[in-house]
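User: I would like to go through some helix descriptions and the criteria behind them. Please set each value against its definition.

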Amino acid sequence: MKYFFSAGEASGDIHAAGVIKCLRELDPEAKILFLGGEAMQKAAGTRPLISLDRMAFMGFVDVARHMPDVVGNIRITRSALRVFKPDVFVAVDYPGFNLKMLSYAASLGVKTAWYIAPKLWAWKEYRLRSMRKVVDRTLSILPFEEQWFGERGLKVDYVGNPSVEEVEAALAALPDRKKWLARYGLDSRPILALIPGSRRGEIKDNLPVMTEVARRHPEMQIVVGGAPGLDKDFYRDLTPFKLISGDTLTLMAMAEAALVTSGTASLECALAGTPQVVCYKSVGWSAAHAVFERILKIPFVSLPNLITNPTDELTRHRVNEESARSGVRMGIVPEMLMHHCNPDEVDNQLVPLLHPGPAREAQLTGYALLRSRLATADPAARRAAQAIYDLAKSRK
């Protein structure tokens with residue numbers, strides 16, 4: 001059977017690769033076309049129709065600046081759908097682009113699946129109407145989404161979270177610490193990891209703040225986790241610190257603590273057991289933060305906090321009160337958002353995590369709860385692949 005996968009960012013590329021690998025085990029004759037990166041290319045054994053570096057645009061300004069590329073990607077994908085005629089079109093996160101492609105695939109009579117459901121519980125709930133029309137099966141990686149989507153008329157299956165297996169595999173294969181340090185020219189001092197995201201826009205916004213915080217800790221060696229596909233010169237213009245690309249999970253596991261841009265990396269850092277402060281800065285105005293607070297329909301933005309304390313109105317009220325006083329959303333990890341993402345406030349949250357004490361121990365206890373909430377009998381990639389395979393067979 002034929003499968004068309006669409007992933008538009010680095011984390012989606014990794015997660016989709018696991019599904020493709022399992023799908024090829026279920027269906028050895030599978031023919032796979034995809035939009036994605038190196039991980040999917042390795043799993044599928046073919047090159048992408050469109051590569052990640054032509055797709056990973058974030059936010060209105062970034063998308064507007066690359067509008068010719070976006071329009072071209074839509075045109076190429078629609079043409080490929082008509083010619084390839086897949087049994088299933090699988091969208092992987094990346095909602096702005098993928099919702100359009102799901103709609104087009106459905107109009108051609110192609111079965112559709114959405115792996116990693118869009119975070120409509122946070123914002124853009126209006127997209128639910130379109131989802132009901134064009135998505136045959138939604139495969140969630142967050143346990144609270146089954147109930148949330150179900151209450152709004154969609155059938156969503158929680159298949160488990162792929163980061164659990166990915167981090168477990170990385171931890172099981174951790175190299176000897178001394179050899180790893182030597183490989184990258186690092187010394188024996190404790191490491192502070194800076195994980196500024198995978199997209200150029202968010203890295204430009206967050207890495208300078210992280211760098212200023214890091215300068216305050218000369219007792220530590222600072223290492224930046226680089227995103228796939230971004231060259232060293234891009235990072236060199238933003239920070240003077242050591243850059244390690246393609247080994248971020250190991251970096252997290254080796255670090256004493258981390259500053260992490262909100263996203264999949266915050267979950268990976270928690271699963272790796274490394275204390276962290278979550279940072280997210282897109283604009284630095286206090287007025288923008290007030291708008292941000294009103295738009296959000298959830299008490300937190302980071303995955304560790306959402307999974308361990310999902311959408312509880314009393315918690316939201318408590319968090320918002322504390323945010324008004326301190327600018328910090330207090331879940332198991334502190335969230336420094338918008339204008340509160342500045343060196344002074346971020347460092348105030350980081351310092352208590354650098355040494356044994358109540359703040360560090362509370363995070364590690366929260367991480368144990370997180371792992372229990374995400375547990376499933378089978379790996380997420382295998383469960384998702386089985387659901388996609390079953391959907392393809394139902395078309396015959």
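User: At what angle do the axes of helix 13 and helix 18 cross, and within what distance do they come?

Analyst: This is a predicted model, in which local features need pLDDT of at least 70, side-chain atom pairs count only at pLDDT 80 or more, and totals for chains, interfaces and linings use all residues. Residues are numbered from 1 along each chain as its sequence is written, and side-chain values use heavy atoms, with hydrogens and water left out. The axes of helix 13 (residues 264-271) and helix 18 (residues 358-374) cross at roughly 110 degrees and come within 9 Å. Axes are lines fitted to C-alpha atoms, for helices over the stretch in contact, with angles from 0 to 180 degrees between N-to-C directions.

User: Why is helix 13 called roughly perpendicular to helix 18?

Analyst: Angles of 65 to 115 degrees count as roughly perpendicular, under 35 as roughly parallel, over 145 as roughly antiparallel and the rest as oblique. The crossing is at roughly 110 degrees, so helix 13 is roughly perpendicular to helix 18.

User: Which residues of helix 13 and helix 18 meet?

Analyst: Leu 267, Cys 269, Ala 270 and Leu 271 of helix 13 meet Tyr 367, Leu 370, Arg 371 and Leu 374 of helix 18; contact means heavy atoms within 4.5 Å.

User: What makes helix 1 and helix 19 oblique to each other?

Analyst: Helix 1 (residues 10-26) and helix 19 (residues 380-394) pack at about 55 degrees, with axes 8 Å apart. That angle belongs to the rest, and the pair is therefore oblique.

User: How do you know that the span of helix 5 is close to the one expected?

Analyst: The expected span is 1.5 Å times one less than the number of residues. Helix 5 (residues 95-107) has 13 residues and reaches 18 Å from its first C-alpha to its last, close to the expected 18 Å. Gly 109, which follows helix 5, has a positive phi, near 85 degrees.

Note on methods
Helix = DSSP H or I, 4+ residues; strand = E, 2+ residues; numbered from the N terminus.
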